[in-house]
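Please look at the sequence and the structure first, then read the notes below.

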Amino acid sequence: MSSRLTPQPFEWIERARPLRFTLEGEAIDALQGDCISSALWANGVRILGRSFKYHRPRGIFSLANHDINALFEYVDDTHLRGDVTPVPAGINLTACNTLGGLKQDRYRWLDQLSPALPVGFYYKVFHKPRWLFPFWERLLRHTAGLGQVRSSWRRRITPKWYEHCDLLVIGAGPAGMAAALTAAEAGADVILVDEHPHIGGSLDYQWTNDPGAEAPRATLKQGVTAHPRIRIMTATVAAGYYQDQWVPLAGPAGIAKTRSRALIVATGVIEQPAVFRNNDLPGVMLASAAQRLIARYAVKPCERAVLLVANAEGYRAALDLQAAGVELIAVVDLGEPAERGPLASKLAATGVEILAHHGLYAASGKDRLSAVSVAPLGADGSLDDTQERWLRCDGVILSVGWAPAAHLLYQAGATLGYSQTLEQFVPLELPPGIQAAGRVNGVFELQAQIEDGRRAARAALAELTAATDVASEIKTSGPASNHDLAQYRDPNAHSHPWPIVAHPKGKNFVDLDEDLQLEDLLQAAREGFDNIELLKRFSTVGMGPSQGKHANMNAIRVLAKVLGKAIDETGSTTARPFYHPLRLDDLAGRRFRVHQRSALHERHEQAGACFMEAGAWQRPEFYGKAEQREARVREEVAAVRGALGLIDVSTLGKIEVLGRDAARLLDAAYSMRMTRLKAGMTRYALMVDEAGVIIDDGIVGRLGEQQYYLTATSSHANATYRSLTRFALEWGLQVRLVNRTGQLSAMNLAGPNSRRLLAELIDIDLTDDAFPYLGLREATIGKIPARLMRVGFVGELGYEIHVPYHRGAELWDLLMRKGQPYGIRPFGVEAQRRLRMEKGHIIVGQDTDGLTTPFEVGMSWAVHLKKPFFVGQRSLQILKPGTARSLVGFELQPGHGWPEVAECHLVIVDGDIRGRVTSVAFSPARGRIIGMALVDSEVAGLGRTLPIRATDGVLVTATQVAMPFYDPDGLRQQADVQRQEVA
Amino acid sequence: MKLIPLPDLGPHPVTEFDYGGEQSRPPLVADDATWAAHVFNRTGAPGVLREWWYHRPTGGWYLFERDTAQDRFLRSIPVQDICYELPTDTSAV
Amino acid sequence: MPLRLLKFALRGTDAEPRFFPPEQPLADQYDIVIIGGGGHGLACAYYLAREHGVKRVAVLEQGYLGGGNTGRNTTIVRSNYLTPEGVQFYDQSLKLFQDLSEDLDLNLFYSTRGHFTLAHSDSALRTMRWRAEVNKHFGIDSELVDRQRIAKAVPEMDLDCGGDQPVLGALWHAPGAVARHDAVAWGYGRGAWQRGVEIHQKTRVTGIRVEGERVRGVQTNRGEIACDKLISMVAGFTPRITEMVGLQTPIEIFPLQACVTEPVKPFLNSIIVSGSLHVYVSQSSRGELVMGASVDPSVLHSTRSSFGFVEELADKLLDLFPLTGRLRVMRQWAGMSDMTPDFAPIMGTTPITGFYLDAGWGTWGFKATPISGKTMAWTAVNDQNHELIKPFRLSRFTDFDLVGERGAASVGH
């Protein structure tokens, strides 16, 4: 603990709670409250990481969540940012992106190679000859990326939740705290959020030794902490701004998705580096980083420091360093010290050498800083390197300027512009509901920041109370709100317009994430990438994990200089979410999946069903073990054909249509006539879209003059309900629709024995005259109220029975029990598919595609073009003459086995694709494999061959045959035949 | 997350809605080309569109005018304003 | 180590030529004007100059080169489409891509990774077989593979997807690749400029002069230009341009979002797409996971991001790759996709003589860059649609002769 200072007034460390971790095997003593970087620095460790491209040693630079070169990992995590991650007790950390460890990183020779690797070099090499590129690519991939992903990692569940408030204040520095307090006192419900573990912001690291800060600090910190209407969320990042005041707040517990009615951005500024040779050596750091080290962690940043300053903050930092016992070798001012205010005079009085109008030319040292050279600035603003003078030091502290942390303002649609006065971007116009306060708004003096916070709060509240839906308890108190955003802005620049020094040997870094030197940006501009976005994309400036927080501003300055344009004309790059990166685990949150379960699901499980997913539903594909699939399916088919089967069809859409215009609605929505349907009868219903393409089918039944009931395919149930609802509105119809899909259980009892079983249980007459084919009846089965439709999808005598959801299992049990003597057997989706195929019935979406019309699948009979209107009718009138495809039935030779013909195998005639198989399976009824194919009409024709390119590309010749394949006259589902058979 | 202002129920998150697309009335008497244009063509350019939105929790359709450049919901349109008569089915029972 | 690097080290980079011209004045007249300085526009300019010797060509770009969907897509190149029209078109594109780094003398990092389209349902599996069969018919390396094959190639994947919608199989497309998207635009831009094409950035078209159903010129924020041939290659801005000439199209604009993680050491070699989970992911040459989903559900002319998109994507991605949960999403963005009803582009001549359309690229524009440029150049020069793009003509929406590419989606439910 060599460089730990005496207790600091606002330190975050807890001296009574020591802990220990290791870095690449070396034990590190730390204190609770340390971050990884502060603990290492306190222990004299200076190489905290290696840079991305050249593997140069890097130390502490910002200590503000963008020290991207100090990334650590261990067996259970990676990309831990040393400058913000709390020390992990007992963990063995290693640095990301080294080969053989921090000190001996075997990639460090890359630094020597840098002249051969200028900006964008990879675009210009490795691609000739082409066949060698994969070799180079493999080589390059070894050097790509930072951390290591481990295959043992599993999803970690973290919660997400919602927060609501009147006002969300982002940033708990002086301006943010003042804003929160003002708003809360006026009655607003406030959330105050800060990315650091403690509130206070710059008050507690930049203003620590300022007596004038004591009173406001106490008032603000105690005020916001104690106020009942302020909720404080620390260690929480406002990750982005999204439409309608939607801000995810990412904290240690998870992500709070927050909706506020107003938002104050008091996010402060991000300190910007000076660019000179070797400005990345460990020991070179931003003044705010040095101040954070001292104030938060009581760690001495260095022993002998040289400061480069261009603002009053630099002198404040110098005094802070002095107070921490750091020897100040020199303060190098890029401008005139006399203009820096009283702090400069105060420092001068201590006898420190202050060099006016000087700059830093280069730093030097092996693996850590040992000296820096200074030189006077010439009249043109460039350094006079002939007068270079070296100063021995182990710290170079930079205080040359700031960039606003305006990311959320940009995302919210604010307009920012460059202020020549402040040499900083400031907000010019803010969208409704958004305010900015404090340094992000160009307000630097402490009291002014506080006033600006209050102003922003009043402005936000005035907007809220002006809104019509406002909560009345918020009072606009105090003086008439002055909404002038610029009222408290500083009259002086706190940033230098050109903190950049060229050097013939380079290594003057603009972007530390991406190892980009000044020359790289200049070269990119020379090659024509002289637009800020092109510059960014070619050079990758600002593309690293910190997203350019310390690089973008200087890149814009460089480009403006190259182009001879103002900063505003040069532009800024877009600040996309996130402000800091968020973990995929946290973004995902808990895992929710919607499951829809039939009332009969447990029955299927008990019966050993093998399930298949159908949207959110699980449906039995067949009953039995996976390896018995074919045998079981055939048994199920045989049961339905020969005795009795029962299938759960609860997934079908089930919709009631009631009211005066019910018939008109259905007549116009479906292609068949529905008005003439008699009560107590059903009819097949085909739905096409406006382009005439088949989108759904089902059954429409009429229960009474103004009462219809219909079914839709499982996957289209909700869409059909939505369409019908909308048609009713568009056509001004008096009709009411009820989607009962989830309320009702449905099952199809099918097979020659179905009537006999049902007759035992039902309270109505099932004879053919009383309940004919396609009839619809309401009845009671056992004690269960049911609606029955006599349909023939699978081609046998059958009844589709719809009952309330909670009675579904009861009915299933009853039918299964009483059906035993009739040979009942449950059947699944696969058996149903085969049964219906034998009948030549299509499945929408399987036997049709995104362009299929009814004419193509032989369903002209379902299209009544002479009706006055139905959806898609006009298109079908146009399409009918040009029908170019046909759905044909085919069969293979009996005994055909290999090569297997599967659905979606192609029909190939004379080497051309002429169609595809849409359905295919073994037909027990025909004793051979049968199928359907959607083919060009030119190749369709009964008795003609159908060459199919089967598995392994082998051509199989099928023969086109008439459909239905089974019971072509539909006698099986007709009662008379049935009666004879049964008799 | 985007909020959609329902006329009677206040703002609701966009995730509760299904987008129904641009509202347009079919030309009931039209030549083939006019009809095809109705079926396929859309107002593609940014501007104020009349669109259908289906609110799943209440099972209701809503019509809004929305600025598709700014994603701003400008007003809700009473459905009566856009409904049209179906051609009469004289042969209906 | 290539010699070029040695040259950089010894001689520096001062002599490196420019990629693009500095700002220059607009001429009064050009033979052909291209609206849109993205990949398509620059490729078209390149082929006009290189293959057809057209002398006076200008590319007008309202922002910066490649700043639209060229720079916003997830860089995937593949040709495993569903329709014969689509397959043949994209196959030509892929072949051009394979030679492009050499052609343009620019390393586009064209990296053949192999591409899995996962099937999580019986019907999806059927569609994959359909695609595989059509692909194989045209000689495309594409096949239906089972879980074992996927597990072997991508051991990091949880084929059970956390318990729901397990992977049943996949369409495997070995030539599937990724490339540096920006560089494609830069390479074409540089090649075009070297051959005499004028490239004007920050030049926005404000109007189009049409006389007697013929194009006569364009108005821009920098003045008016005369031209007899005008090609619109502006993706998400297409409706604004077609409106200027009074042309109706089926194109609607939907945002397509994407995001990228911090770069990590390479662990994912293949490109993975899951239509059911609405996820596609690959790992870039820098090590970032580049991810996207399907287009947003409603029309919007904006590149705003939504938080819901990343939440949903993260949730589904972790079903497939539970090990990536520790990775952090660094940045999200969006592009504006110009969608058509049949998921196929609109290319070629229009009812207005001299006005050519290259649009309707939806979410597939990047992979079509070379072939679009090439066929549109031929089309503009000959004033008739190139054979490969005939199926994509605008008039198909009048003739009810749509392309079946959407069939893949329709069968997928």
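Which residue of chain C forms a salt bridge with Arg593(A)? The partner is Asp319(C), and the closest N and O atoms of the two are 2.8 Å apart. A salt bridge is a side-chain nitrogen of Lys or Arg within 4 Å of a carboxyl oxygen of Asp or Glu.

The model is predicted: local features need pLDDT of at least 70, side-chain atom pairs count only at pLDDT 80 or more, and totals for chains, interfaces and linings use all residues. Residues are numbered from 1 along each chain as its sequence is written, chains are lettered from A and ligands numbered from 1 in the order in which they are written, and side-chain values use heavy atoms, with hydrogens and water left out.

**Chain C as a whole**

- Chain C has ten helices and 20 strands; these are DSSP runs numbered from the N terminus, helices being H or I with at least four residues and strands E with at least two.
- The C-alpha trace of chain C spans about 65 × 65 × 40 Å along its principal axes.
- Among contacts (heavy atoms within 4.5 Å) in chain C between residues at least 6 apart in sequence, 76% join residues at least 24 apart.

**Chain C against chain A**

- This contact takes 99 residues from chain C and 108 residues from chain A.
- The two chains bury about 9300 Å² between them, 56% of it on carbon and sulfur atoms; buried area is the accessible area (1.4 Å probe) that two parts lose on being put together, summed over both.
- Lys265(C), Phe307(C) and Arg326(C) supply 10% of the area that chain C buries against chain A, more than any other three residues.
- Between chain C and chain A there are 20 salt bridges.
- There are also 58 residue pairs in polar contact between chain C and chain A (both at pLDDT 80 or more). A polar contact is a pair of N or O atoms within 3.5 Å; within protein, one must be able to donate a hydrogen and the other to accept it, and residues adjacent in sequence count only if both atoms are side-chain atoms.
- Elements that each supply at least two residues of the side of chain C that touches chain A include helix H3 (84-104), helix H8 (307-320) and strand S18 (328-339). H8(C) gives the largest share of that side, nine residues.

**Glu16(C)**

- Glu16(C) lies in the loop between H1 and strand S1 (32-35) of chain C.
- Glu16(C) is buried, with a relative accessible area of 12%.
- The side chains of Glu16(C) and Lys124(A) are joined by a polar contact of 2.9 Å.
- Leaving aside neighbours within four places in sequence, residues in contact with Glu16(C) include Gln523(A), Glu527(A) and Phe8(C).

**Chain C against chain B**

- Here 22 residues of chain C are in contact with 17 residues of chain B.
- Chain C and chain B bury about 1600 Å² between them, 63% of it on carbon and sulfur atoms.
- Across this interface the rule finds zero salt bridges and four residue pairs in polar contact (both at pLDDT 80 or more).

Definitions and conventions:
Buried means under 20% relative accessible area, exposed over 50%, partly exposed in between (1.4 Å probe, protein chains only).
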